[in-house]
Amino acid sequence: MSSAESQPLPSSVDVAIIGGGVIGISAAHALAQAGVRVAVLEKATLACEQSSRNWGWVRTLTRDLPEVPLAIRANQLWSDIQSRVDVGFRRTGMMYLQETEADAATHQAWMDRAKIYGIDARQLDRRAALDLLPHSSRGWTGAMYSPTDGVAEPQFAVQGIASLAREAGAVILQRCAVRGVERAAGRVSAVITERGRIAAQAVLVAAGAWSRLFCGNLGADFPQLKVRGSVMRTLPFDAGLTAAINGKDFTCRKRADGGYTVSQFGSSMADLVPDSFRLLRHYLRPWLANNTFVRLRFGKRFFEELATPRHFAADRVSPFEKHRVLDPLPSRAGVEQAWQRLTDAFPVFKEAKVAQSWAGYIDVTPDAMPVMDAVPGLPGLYLASGFSGHGFGIGPAAGEAMAQLIQGQTPQVDLHPFRFNRYTERTTR
């Protein structure tokens, strides 16, 4: 038995957290710092899915407005965390490149709406933008720029935050899937894990792409689908580029190991699965408005999810144990296209060597914003999921806000836009 599996199971905690990704670990860190007895229960290993497979951006730029305060707070928290443990956080600056007046107008409109939050963003003219870029064969006309946005390293950031959570008293158990919850007097009273029962006054579901399945088993219909994102990295290489850039049809950022992480918008793939049809009323309109960003595919994933039980008993092996890690293959065409667009735009990258490509499942909601709320009808149960590819950067602030909510405090960031029942509110209007 590994050390991760042999760690003693606590008989009781104040808060049990389901999921060892950036959200769950950040919430545990905040709760433990407040003196709350907390345990994180991870079915596999920490950050084994999307929390270690994302781009690594820590950004305020172009976020949906309700997320901007979270992003600003997260930027502060990443800096504080980095001062205590290495999570790879650097304020490298971030650029959204422009080729037309329309691009600049779109960026200016976003900055005008977001300025009430005190964002650190500005427009760069062509000369100022080019000063921050390698030689380019594309006709960039400028950029929207934040000098204080940056990056952290998904491959080890969550482990770093977890070390701080443990120091503060959090218990973190790996290969310990939660099968269900117990209730007493109408409230959550315990979690049932594959290793036994843990009494708990509150439970936070921060299970990423698995959250819908877990909540559904409890009778809570959380509208969430999975979208596969593909990413690649180079071997260490000096391209003369330190800022993270969005080149409209590709992205690129410098890594702590000296290489670059490269991806693109429009390379994401959504498998058609039974939930695609169950949730069609929620997703059809958003997909029609954004179908250039996410392509649909029908394949074996449909039958895999069809065979997964939607309801299961807590005294039997759960779906979370039968398939502990979602590890999809990357889109070869998607990463090759991203690489081609990068090297076409910045020829210096033709000298770099691709080291690896990978993919992960992003937990996506109909409006591409997370749910961060108490689950209606299930007192003591909380949900923080559906971050739609935005979760890594705001993870520390999201975890802090959930910790405050669970403790009965008023969160520092307004969570009303992230309420659970906003989807049913829309369908009943």
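The lining of the second largest pocket comprises nine nonpolar, six polar and ten charged residues, where Ala, Val, Leu, Ile, Met, Phe, Trp, Tyr, Cys and Pro count as nonpolar, Asp, Glu, Lys and Arg as charged, and the others, Gly among them, as polar. The structure is a predicted model, in which local features need pLDDT of at least 70, side-chain atom pairs count only at pLDDT 80 or more, and totals for chains, interfaces and linings use all residues. Residues are numbered from 1 along each chain as its sequence is written, and side-chain values use heavy atoms, with hydrogens and water left out.

Of the 25 lining residues of this pocket, Leu213, Lys226, Glu305, Thr308 and Pro309 lie nearest its centre. A pocket is here an open set of points, on a 1 Å grid over the protein atoms alone, with protein on both sides within 12 Å along at least five of seven lines; a cavity is a set of points where a 1.4 Å probe fits but cannot get out, and lining residues have an atom within 4 Å of a point. The space in the second largest pocket is about 530 Å³, a volume being the space filled by probe spheres set on the points, with grid points joined across faces, edges and corners. At least two lining residues come from each of helix H7 (211–217), strand E12 (225–234), helix H8 (274–278), helix H10 (300–306) and helix H11 (319–322); helices (H or I, at least four residues) and strands (E, at least two) are DSSP runs numbered from the N terminus.

One cavity of 30 Å³ or more was counted. The largest cavity holds about 60 Å³ of space and is lined by Gln224, Leu225, Lys226, Asp271, Val273, Asp275, Arg301, Glu305 and Tyr361. Elements E12 and H10 each give two or more residues to this lining. By class, the lining of the largest cavity has three nonpolar, one polar and five charged residues.

The protein chain contains 14 helices and 20 strands. Its C-alpha atoms fill a box of roughly 65 × 45 × 45 Å along the principal axes. Of the 429 residues, 58% count as buried (under 20% relative accessible area, with exposed over 50% and partly exposed in between; 1.4 Å probe, protein chains only). Among contacts (heavy atoms within 4.5 Å) between residues at least 6 apart in sequence, 75% join residues at least 24 apart.

Beyond its neighbours within four places in sequence, Trp78 is in contact with residues including Val58, Phe89, Ile161 and Phe392.

Arg175, although not a glycine, has a positive phi of about 50°. Arg175 is found in the loop between strand E8 (171–173) and strand E9 (178–184) and is partly exposed, with a relative accessible area of 34%. Lys248, likewise not a glycine, has a positive phi of about 80°.
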